Amino acid sequence: MAMTLDELKKLFDAEGIKYFVDPDRPALLATFRGVGDPHRVVAKLEVGGKFLQLRTIGWLSCPDDHSSVSAVLKAIGAENYLRRLVKLGWDPSDGEIVAYADVWLMDGKLTQQQFSRILHNYLPVIDMAYRRLEKAIETAHDPGDMGLEDLVDAMGEAAGTRLPEPVRRLLEKLRGKGDAETDADDDDDDDDMYV
């Protein structure tokens, strides 16, 4: 019951994601817009369709002789400790930094809901980790985990303006400063959606 490329394409189609098909292997390439930067991601099937990997392409780089490599490796280690699905890797041979999510399918089928959850974990994490690692590369100092306030600031910077008031209110609610009565009504179990 391994996954086929056609099944992977259907999962992407159902999420409304535009992609390119790799002509040489069972893989799809898509670009996702982040807070400020686009992220190119390949979704590839391996081991005869029993293994699915999402992986960034051309994401970040920090050669082993760079003055910031120590801070970058500490940030990568911290991110890997914090996250469940998404892991970061560094290739010492060329300094490439990648973010990936691995899923062993084996004899199971990946449902649309599972795939959607994978994307809703993977994409925000790579966006936040990108900004953290970018700053570590620039400053040789790990700025730490990007919190919601940092993300809001980055969104405002990327838009070149202050966020619209409805968006700011929603983010305030998510941050825990919203209306307590409204918060109590929200019984959604997605508290750890981006972990």
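Predicted model: local features only at pLDDT ≥ 70, side-chain atom pairs only at ≥ 80, totals over all residues.
1. Layout. The chain contains seven strands and six helices. In sequence order the elements run α-β-β-β-β-β-α-β-β-α-α-α-α.

2. Burial and surface. The chain has 195 residues, and 36% of them count as buried. Its accessible surface is about 11200 Å², with 52% of that belonging to carbon and sulfur atoms.

3. Contacts along the sequence. Take the contacts between residues at least 6 apart in sequence: 57% of these join residues at least 24 apart.

4. In soluble globular proteins, nonpolar side chains tend to be buried together. Here the largest nonpolar core has 39 residues, and Leu8, Trp59, Ile97 and Leu133 have the most contacts inside it. Helices and strands both contribute: among the elements that each supply at least two core residues are helix 1 (5-14), strand 3 (38-46), helix 2 (69-82) and strand 7 (96-104). Helix 3 gives the largest share, eleven residues.

5. Ile97. Which residues does Ile97 contact, leaving aside its neighbours within four places in sequence? They are Thr56, Trp59, Leu60, Ser61, Cys62, Val72, Ile76, Gly89, Trp90, Leu133 and Ile137. Two of these, Trp59 and Leu133, are also listed with Ile97 among the core residues with the most contacts.

6. The hairpin. Strand 6 and strand 7 run antiparallel and are joined by five bridges. Val86 stands opposite Ala101 of strand 7. Five residues lie between the two strands of this hairpin, where Gly95 takes a positive phi near 85 degrees.

Note on methods
Residues numbered from 1 in each chain as written. Heavy atoms only, no water. Helix = DSSP H or I, 4+ residues; strand = E, 2+ residues; numbered from the N terminus. Buried < 20%, exposed > 50% of the residue type's maximum accessible area, 1.4 Å probe, protein only. Contact = heavy atoms within 4.5 Å. Areas by Shrake-Rupley, 256 points an atom, 1.4 Å probe, with all protein chains shown as cover. Core = buried A, V, L, I, M, F, W, Y, C linked by side-chain atoms within 4.5 Å. Pairing = 2+ DSSP bridges.
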